Amino acid sequence: MYTTAPAAGSTARARRYPSDTTDAEWAVIEPLLPAPACRTCSGGRPEKHPRRDVVDAIRYFVDNGCKWRALPADFPPWKTVYGFFTRWSRDNIVLGLRDRLREQVRARTDRHRTPSAGIIDSQSVRAAETVGRHTRGFDGGKKINGRKRHIATDTLGLLLGVSVTAAHITDRRGAELLLRYLHTRHPRLELVFADGNYSGRLTTWTQAALGITLHIVRKIAGQTGFHVLARRWVVERTLSWITQARRTVRDYERLPAHPETIINWAAITLMTRQLTT
């Protein structure tokens with residue numbers, strides 16, 4: 001299924017891993033990546049390794065949760081792949097790729113390309129010993145020593161934004177940082193759903209400072225055990241989708257920006273699969 005004959009002008013590397021891009025996926029991704037430096041007015045050396053091999057290596061790393069140095073030998077050298085990973089993250093290439101893919105998915109379902117409503121939630125994950133003390137904390141409610149990821153999705157469950165903090169940062173504080181980002185990047189956003197952890201002063205601040213209505217979806221009166229709650233289940237499903245990528249199950253990264261990028265790559269893979277299946 002994943003081993004295909006190379007198309008004209010593409011890499012000759014066989015596609016053998018479940019995380020590899022299909023020809024259809026690569027046709028969607030390639031136009032959204034920046035032109036190589038050698039093709040721009042600033043100039044530069046031609047890239048030695050095909051872009052598709054680099055993207056496949058990043059997706060393999062995210063999906064399988066291996067160390068950078070443990071990338072299979074049929075990928076470009078790990079230092080090359082890591083260089084693209086960090087450079088595309090620093091230059092917001094990954095954010096642009098995520099957002100343009102989300103626009104395509106929304107357009108395919110007859111939605112406006114930019115959302116007017118979203119949902120936020122958080123998830124605490126354990127951190128490895130490679131995570132420094134100054135970027136980790138203890139979540140007393142979940143009894144987890146590590147980091148907390150704050151995410152926002154649209155009503156389809158497509159990722160709008162992610163912010164990674166130490167686990168002791170409260171949901172309200174994390175949401176404030178995330179909502180500021182959403183207000184800047186998604187100007188049509190006017191309604192955000194959230195659970196009871198975000199109630200209180202945050203709802204007033206969000207309306208006054210950002211012009212966004214924060215609607216709290218509360219549990220059913222007398223609820224015991226798990227129940228699917230309107231709107232909230234969408235973001236919870238997205239968290240489940242994200243953690244299917246093994247590198248997201250635990251946090252190993254020294255810099256909080258890197259787990260944010262990894263989560264974005266997991267979302268990118270989900271969207272390219274939706275667009276091509």
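**A walk through a predicted chain**

D110 is not a glycine, yet its phi is positive, at about 65 degrees. Is D110 buried or exposed? Its relative accessibility is 73%, and since the cut-off for exposed is over 50%, D110 counts as exposed.

You'll find K143 in the loop between strand 2 (137-139) and strand 3 (144-154). K143 also has a positive phi without being a glycine, with a value near 60 degrees. With a relative accessibility of 56%, K143 counts as exposed too.

Now zoom out to the whole chain. The protein chain contains 8 helices and 6 strands. Follow the sequence and the order of elements reads α-α-α-α-β-β-β-β-α-β-α-β-α-α. What does the overall size say about the packing? A compact globule of 277 residues would have a radius of gyration near 19 Å, and the protein chain has 20 Å, so the two agree. Along the principal axes, the C-alpha atoms fill a box of roughly 60 × 45 × 40 Å. If you count contacts between residues at least 6 apart in sequence, 63% of them join residues at least 24 apart.

Of the 277 residues in the protein chain, 48% are buried. The accessible surface comes to about 13,900 Å², and carbon and sulfur atoms account for 52% of that. As for charge, there are 45 positive and 25 negative side chains, and the centres of the two sets are 4 Å apart.

In soluble globular proteins, nonpolar side chains tend to be buried together. Here, the largest nonpolar core has 46 residues, and the ones with the most contacts inside it are I58, V62, L71, W88, L97, L101 and W265. Several elements each supply at least two residues of this core, including helix 1 (23-29), helix 2 (51-64), helix 3 (78-90), helix 4 (93-108) and strand 4 (159-166). Which helix gives the most to this core? That is helix 8, with 8 residues. For a close-up, pick L97: setting aside residues up to four places away in sequence, L97 touches I29, L32, L33, W265 and I268. There is also a second, separate core of 17 residues, with A152, Y198, L210 and I216 among them.

Two more residues are worth a stop. S89 lies in helix 3. The cut-off for buried is under 20% relative accessible area, and S89 has 17%, so S89 is buried. Beyond its neighbours within four places in sequence, S89 is in contact with V94, A257 and T261.

The other stop is D74, in the loop between helix 2 and helix 3. With a relative accessible area of 24%, D74 is partly exposed. Which residues does D74 contact, leaving aside its neighbours within four places in sequence? They are R13, R16 and Y17. D74 and R13 are 61 residues apart along the chain, while their C-alpha atoms are separated by 7.3 Å.

How values were computed. Residues numbered from 1 in each chain as written. Predicted model: local features only at pLDDT ≥ 70, side-chain atom pairs only at ≥ 80, totals over all residues. Heavy atoms only, no water. Helix = DSSP H or I, 4+ residues; strand = E, 2+ residues; numbered from the N terminus. Rg over C-alpha atoms; globule rule 2.2 N^0.38 Å. Buried < 20%, exposed > 50% of the residue type's maximum accessible area, 1.4 Å probe, protein only. Contact = heavy atoms within 4.5 Å. Areas by Shrake-Rupley, 256 points an atom, 1.4 Å probe, with all protein chains shown as cover. Lys, Arg positive; Asp, Glu negative; His and termini not counted. Charge placed at Lys NZ, Arg CZ, Asp CG, Glu CD. Core = buried A, V, L, I, M, F, W, Y, C linked by side-chain atoms within 4.5 Å.
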